[in-house]
Amino acid sequence: MKKKSLNTIYSLPVLLFIIVTSVLFFSFKTNETIFYNSNPEYKVIGCDTTIIYFKQQVLPILQTKCIMCHNPEKNSHGVLLNNYENILATIETDDDDDDEQKNELAKVILRNKMPPYPHEKLSSNQKNILLKWVNQGMQNNSCEKTLIATSNLTFENSLKLVIENHCIGCHSGKSPANGYDFSNKNTVLEVVKNGKLLKAINHEAGVTPMPFMSDKISENEINAVRTWIENGMN
């Protein structure tokens with residue numbers, strides 16, 4: 001008996017329907033664990049992509065690249081980059097300057113002067129985000145729609161991203177803060193197991209609030225880490 005061809009079994013509309021529904025099914029299946037800010041892309045999901053959001057895109061860069069020097073304790077060059085209020089108070093805009101760019105933060109970025117050696121320089125993507133934020137008026141804005149991690153949490157899609165987005169700037173290198181090198185997973189797990197990390201990011205009493213001298217990370221991030229811990233830290 002001669003076999004029927006695929007075209008004779010399924011019409012074109014039916015085939016298209018099967019293909020589309022299959023793609024959508026597997027897309028939703030794999031997107032269950034998307035985290036809002038996949039370092040180092042600093043993507044936003046479900047938000048206006050023409051806008052740079054301070055809370056989700058700018059602050060994580062400053063926390064990992066800048067506040068190890070530009071915090072109230074070190075106060076390097078009198079510039080504080082640990083929170084929005086201090087940024088506005090200490091970043092100068094010189095309207096009398098002959099340069100096309102008047103904003104001091106933008107000037108430093110364009111000259112590739114910061115962070116200084118031996119710290120890793122800003123990536124091209126990080127520079128573009130900061131410069132675009134400056135050009136958009138340095139708004140204190142946020143898009144919480146980007147926070148969608150809710151299920152199937154692992155170290156990779158919960159705690160690791162929090163560490164990379166908010167902590168690694170101080171807790172890495174030759175002299176990591178308080179001796180905690182968070183580029184080492186075993187060190188991270190150590191402070192998770194003794195309960196200090198969750199208390200620190202939740203700004204609880206008895207520990208130093210983290211990120212150091214900066215804004216508290218989002219509740220969604222904290223909840224993702226807490227859920228991952230409660231589920232057995234897999």
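**Notes on pockets, cavities and helix packing**

1. I begin with the largest pocket, whose lining has, by class, 13 nonpolar, 13 polar and 7 charged residues. Please keep in mind throughout that this is a predicted model. The volume of the largest pocket is about 790 Å³, and among the 33 residues that line it, those closest to its centre are Met68, His119, Gly169, Cys170 and Ser172.

2. The second largest pocket holds about 430 Å³ of space, and its lining is made up of 23 residues, with His70, Val79, Glu104, Val108 and Met114 lying nearest its centre. Helix H5 (residues 104-110) supplies the largest share of that lining, namely 5 residues. By class, the lining of the second largest pocket comprises 13 nonpolar, 4 polar and 6 charged residues.

3. The largest cavity contains about 50 Å³ of space and is lined by Gln63, Ile67, His166, Cys167, Cys170, His171, Met210, Pro211 and Phe212. This lining divides into 6 nonpolar and 3 polar residues, with no charged residue.

4. The second largest cavity, with a volume of about 40 Å³, is lined by 10 residues, of which Lys55, Leu59, His166, Ile217 and Glu221 are the closest to its centre. By class, 3 residues of the lining of this second largest cavity are nonpolar, 3 are polar and 4 are charged. The largest share of the lining, 3 residues, comes from H3.

5. Which helices do the buried residues of H3 pack against? They pack against helix H4 (84-90), helix H6 (124-135) and H7. Of the 12 residues of H3, 11 are buried, so this helix is largely enclosed by the rest of the structure. The buried residues of H3 include Phe54, Val58, Leu59, Ile61 and Leu62, and also Gln56, Gln57, Gln63, Thr64 and Lys65.

6. The packing of helix H3 (residues 54-65) with helix H7 (residues 159-166) has an angle of about 75 degrees, and the two axes are 6 Å apart. Because angles of 65 to 115 degrees count as roughly perpendicular, H3 is roughly perpendicular to H7. In this contact, Pro60, Gln63 and Thr64 of H3 meet Glu164, Asn165 and His166 of H7, and the residues involved divide into 1 nonpolar, 4 polar and 1 charged.

7. Leaving aside residues up to four places away in sequence, Met138 touches Tyr84, Ile87, Leu88, Asn103 and Trp133. Met138 and Leu88 are separated by 50 residues in sequence, while their C-alpha atoms lie 8.4 Å apart in space.

Definitions and conventions:
Residues are numbered from 1 along each chain as its sequence is written. This is a predicted model: local features need pLDDT of at least 70, side-chain atom pairs count only at pLDDT 80 or more; totals for chains, interfaces and linings use all residues. Side-chain values use heavy atoms; hydrogens and water are left out. Axes are lines fitted to C-alpha atoms, for helices over the stretch in contact, and angles run from 0 to 180 degrees between N-to-C directions. Helices (H or I, at least four residues) and strands (E, at least two) are DSSP runs, numbered from the N terminus. Angles under 35 degrees count as roughly parallel, over 145 as roughly antiparallel, 65 to 115 as roughly perpendicular and the rest as oblique. Contact means heavy atoms within 4.5 Å. Ala, Val, Leu, Ile, Met, Phe, Trp, Tyr, Cys and Pro count as nonpolar, Asp, Glu, Lys and Arg as charged, and the others, Gly among them, as polar. Buried means under 20% relative accessible area, exposed over 50%, partly exposed in between (1.4 Å probe, protein chains only). On a 1 Å grid over the protein atoms alone, a cavity is a set of points where a 1.4 Å probe fits but cannot get out, and a pocket is an open set with protein on both sides within 12 Å along at least five of seven lines; lining residues have an atom within 4 Å of a point. Grid points are joined across faces, edges and corners, and a volume is the space filled by probe spheres set on the points.
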